[in-house]
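Let's take a walk through the open spaces of this protein.

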Amino acid sequence: MHTDGSDEGLQFIAGKRRSGTSGERYEVTAPATGEVLAAGALAGSDDVDEAVAAARAAFDEWSHTTPAERSEALLRWADRLQLRDEEFAEVESRNAGKPIRLTRGFDVPGTIDNVRFFAGAARNLEGRASAEYSAEHTSAIRREPIGVVGSIAPWNYPLQMAAWKVLPAVAAGNTVVLKPSELTPLTSVLFAEAAQEAGIPDGVINIVTGTGGVAGQALVTHPDVAMVSFTGSTAVGRQVAAQAAGSVKRVHLELGGKAPFVVFDDADLEAAARGAVAGSLINAGQDCTAATRAYVQRPLYEAFVERVAALMDDVRLGPVDDPDTDMGSLISLRQRDRVAAMVEAARGAGATIVRGGRVPDGPLGRHAYYEPTLVTGAAQDSAVVQQEIFGPVLVCLPFDTDDEAVRLANDTPYGLAASAWTSNVFRAGRASREIRAGCVWINDHIPIISEMPHGGYKASGFGKDMSAYSFDEYTNVKHVMSENTGERHKSWHDVVFTTR
Ligand code: NAD
């Protein structure tokens with residue numbers, strides 16, 4: 001793909017790259033520099049109709065491929081991605097404002113590993129063993145693909161989110177129409193093109209690039225879409241669930257987060273401080289599992305704040321193509337201003353901004369950059385502690401007792417991820433049992449792995465991405481019950497009539 005602002009089309013429908021039919025020219029920009037990377041008209045509802053029709057037409061053949069055939073196709077796809085890994089890393093870095101070190105080391109290899117994982121998982125898709133649960137019948141479970149899956153993804157990890165949405169769906173025999181965020185469609189289109197190069201039939205994976213209000217809504221309400229898989233904010237997730245209810249679609253929601261980071265007084269302070277900086281600043285904090293609320297037991301509190309502040313001072317903001325850059329820009333000036341407004345509100349409410357809380361000086365300040373920010377002294381019920389900020393902002397608060405730590409960790413509407421830092425196995429065990437979140441790390445924060453599920457509790461949504469658990473979202477479970485006696489009058493008929 002060129003990233004020179006040329007109009008190659010932002011849609012990939014029935015195996016063809018083209019412009020949308022909404023009639024409005026749209027420019028995809030690089031948030032770290034402001035340059036235009038690509039252009040084309042966004043998708044209107046006609047494009048969504050066409051993409052859904054293509055996915056529907058492809059479903060019959062694709063859903064009848066054997067697991068081995070789908071697995072082979074995914075392995076070829078992973079090989080295609082591997083051959084172009086540097087191109088993917090560069091495009092993702094520029095389009096999302098991510099440091100090239102992050103896309104080379106995390107986004108792209110993580111995605112390729114996901115494709116390889118689902119190539120294997122496709123061959124292990126099984127129901128429970130069949131058996132004679134009634135003396136006269138054999139029961140069997142069939143796991144069947146659902147049909148056309150409408151997927152909607154956010155802008156924070158565009159390639160990985162596309163992969164998480166598309167892979168379990170197609171590995172299980174579904175076909176997909178994916179709507180990436182209009183801010184970051186470039187690697188989603190490349191990802192679908194690579195699938196085509198790998199021999200995955202046209203129509204199995206379609207990309208419609210458009211706004212949520214137009215293309216997103218058309219997809220969610222489309223009568224031929226059997227399921228909606230949504231990753232994004234809790235506010236939009238609520239709307240999506242409500243709209244999908246009209247046509248009784250299955251819904252999978254991966255929503256916002258506000259991960260607690262609990263440091264007990266027996267923790268390794270240096271490990272915890274490094275973990276907090278990496279866990280809160282990865283992807284400029286635009287990560288649904290990012291460490292956002294550090295609760296530190298009183299004896300370690302001051303030393304922890306001091307060390308985190310010192311480590312934040314060493315974080316290098318810079319151009320995203322510089323391999324020495326640690327933190328890139330936020331996704332847009334709008335997002336930067338949103339983050340800045342939340343930090344200002346905290347300051348206004350009496351919190352202390354220990355580090356950052358400002359746009360950097362110099363040329364970076366003209367674009368969507370924001371400094372690593374450490375906040376203390378905020379009230380537990382204030383917005384900066386309760387609401388998702390989605391920026392490089394860590395709030396740090398002290399606690400006294402273990403009971404208090406668990407209570408504070410659970411005290412937001414969200415429940416996506418959390419971590420506990422301790423050298424005591426009983427404290428670690430209690431935190432992992434009692435913190436209500438889809439993932440609890442012990443002495444680490446952020447790592448994910450293809451084999452393990454990712455998904456939320458509470459307002460962070462329901463359903464799982466990655467891992468074999470994701471097949472529960474993308475398959476229907478069918479019970480097949482076969483009568484084994486061949487008798488015309490079955491024994492159970494006696495409860496209705498006795499004539500033999
Ligand atoms: P968003 O909710 O604004 O948008 C997400 C997607 O929904 C976009 O593609 C958008 O165009 C679309 N959309 C918006 N309105 C719509 C509507 N009415 N109907 C259908 N689609 C609509 O989120 P965002 O700002 O793109 O991403 C950030 C959010 O995503 C954060 O809240 C973050 O926590 C969340 N997120 C969650 C996970 C997870 O796994 N739980 C992962 C990544 C991001």
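Start with the second largest pocket, whose lining residues divide into nine nonpolar, three polar and three charged. Keep in mind as you look around that this is a predicted model. That makes 15 residues around the second largest pocket, and the ones nearest its centre are Arg101, Ala278, Leu281, Ile282 and Asp326. The space inside comes to about 360 Å³.

Where does this lining come from? Two helices, α4 (100-121) and α9 (269-281), each bring at least two residues to the second largest pocket. Both domains take part as well: domain 1 (11-255 + 460-479) and domain 2 (259-442) each give at least three residues to this lining.

Now move over to the largest pocket, which holds about 1,100 Å³ of space. Its lining counts 38 residues, with Pro154, Trp155, Gly232, Ser233 and Val236 closest to the centre. Sorted by class, the lining of the largest pocket has 16 nonpolar, 15 polar and seven charged residues.

Of the contributors, α8 gives the most, with seven residues. Here too the lining draws on both domains, taking at least three residues from domain 1 (11-255 + 460-479) and at least three from domain 2 (259-442).

Note on methods. Residues numbered from 1 in each chain as written. Predicted model: local features only at pLDDT ≥ 70, side-chain atom pairs only at ≥ 80, totals over all residues. Heavy atoms only, no water. 1 Å grid on protein atoms, 1.4 Å probe; cavity = no way out; pocket = protein on both sides within 12 Å on 5 of 7 lines; lining within 4 Å. Points joined across faces, edges and corners; volume = space filled by probe spheres on them. Helix = DSSP H or I, 4+ residues; strand = E, 2+ residues; numbered from the N terminus. Nonpolar A, V, L, I, M, F, W, Y, C, P; charged D, E, K, R; others polar. Domains from an automatic or database assignment.
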